[in-house]
Amino acid sequence: MLLKACLNGARDVAEHPRLSADVHVIAAEARAAVDAGAGALHVHAKDAVGRDSLVASDVARVVEAVHSACPGVPVGVTTGAWALPDVSARVAAVSAWTVRPDFASVNWHEDGADEVAGALLDLGIGVEAGLWNAEGLQRWAVSPHRDASLRVLIELPDVPAHDAAGHVDRLAAPLLDGVRRAAPDLPVLLHGEDASAWPAIDLALREGLDTRVGLEDTLHLPDGRPAHGNGELVWEAARRLWG
């Protein structure tokens, strides 16, 4: 079972003391996550003011810093359309990456997913297929790049705190069934957001799936206390997964 750490996400840096646009802080968080048990890392490159960026120099800066802090650990980045909504510009930005991550996530509900995935594969970068909903699942299931995916990310939204586990089970079931029908041999990583984060990890354990945790997905430990950083979140997830 793979436990990945998602270090920052698109969150505003003001949301937590360990969220930062400074690649040295990001690299330190990556090292703490690996020391706590993470086997892979997912990071959002940032521009000078802390916004998500797909610009080659921003991607290079963070990928180099994290690889240096965590040698041998696979590092992935986002290609989220919110960072660059125009499809042609997004594909051009990805194609310009000279310092390459090991993998990148592509959200299949977003326009241009096939084009972005093709650009990544042309560079030898692994593609994580991000599936948030039925529309994304349907698009990915007929994609020419479906079987070239490194893994599938089933990404669950925030849910009401009341009966969070029940909401997670109901949201995950049709997506898991669809992926298993379309590509039964592909690894699946299940994760959630905020109130769904810890129930999704528990469901991944029950289903034998990969999972992830980090400040992108939640700022809190299962008991509601604020986490000190990515290392503490990964340590708690590792304890739940492996004892």
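**Charged pairs and packing**

Modeller: Asp47 is buried, with a relative accessible area of 15%, where buried stands for under 20%, exposed for over 50% and partly exposed for what is in between, using a 1.4 Å probe and protein chains only. This is a predicted model, in which local features need pLDDT of at least 70 and side-chain atom pairs count only at pLDDT 80 or more, while totals for chains, interfaces and linings use all residues. Residues are numbered from 1 along each chain as its sequence is written, and side-chain values use heavy atoms, with hydrogens and water left out.

Biologist: Which residue forms a salt bridge with Asp47?

Modeller: Arg51 does, with the closest N and O atoms 2.9 Å apart; a salt bridge here is a side-chain nitrogen of Lys or Arg within 4 Å of a carboxyl oxygen of Asp or Glu. Arg51, at 56% relative accessibility, counts as exposed.

Biologist: And how many salt bridges does a search of the whole structure find?

Modeller: The search finds 21. One of them joins Arg206 to Asp169, whose closest N and O atoms are 3.1 Å apart. Because Arg206 lies in helix 7 (residues 197–207) and Asp169 in helix 6 (residues 164–182), this pair ties together parts that are 37 residues apart in sequence; helices are DSSP runs of H or I with at least four residues, strands are runs of E with at least two, and both are numbered from the N terminus.

Biologist: Which residues are linked with Glu236 in a network of salt bridges?

Modeller: That network also takes in Asp202, Arg239 and Arg240. Between Glu236 and Arg240 the closest N and O atoms are 3.5 Å apart, and the two are separated by about one helical turn, being four residues apart in helix 8 (residues 230–242). Glu236 is buried at 10% relative accessibility, whereas Arg240 is partly exposed at 25%.

Biologist: Switching topic, what about Glu110, does a salt bridge hold it or what is the nearest side chain of opposite charge?

Modeller: Glu110 is buried yet has no salt bridge, and the nearest side chain of opposite charge, Arg90, is 4.2 Å away; Lys and Arg count as positive and Asp and Glu as negative, with His and the chain ends not counted. The side chain of Glu110 does reach the backbone nitrogen of Ala81 at 3.0 Å, a polar contact being a pair of N or O atoms within 3.5 Å, where within protein one must be able to donate a hydrogen and the other to accept it, and residues adjacent in sequence count only if both atoms are side-chain atoms.

Biologist: Arg90 is in helix 3, so which residues of helix 3 are buried?

Modeller: In helix 3 (residues 87–95) they are Arg90, Val91, Ala93 and Val94. They cover an arc of only 160° around the axis, which puts them on the same side of helix 3, the arc being that of the directions from the helix axis to the C-beta atoms. What covers them includes helix 4 (113–122), with contact taken as heavy atoms within 4.5 Å.

Biologist: What caps the N-terminal end of helix 3?

Modeller: Asp86 does, with a side-chain oxygen 3.2 Å from the backbone nitrogen of Ser88. A polar atom of the Asp86 side chain also lies 2.8 Å from the backbone nitrogen of Ala89, and Asp86 is partly exposed at 46%.
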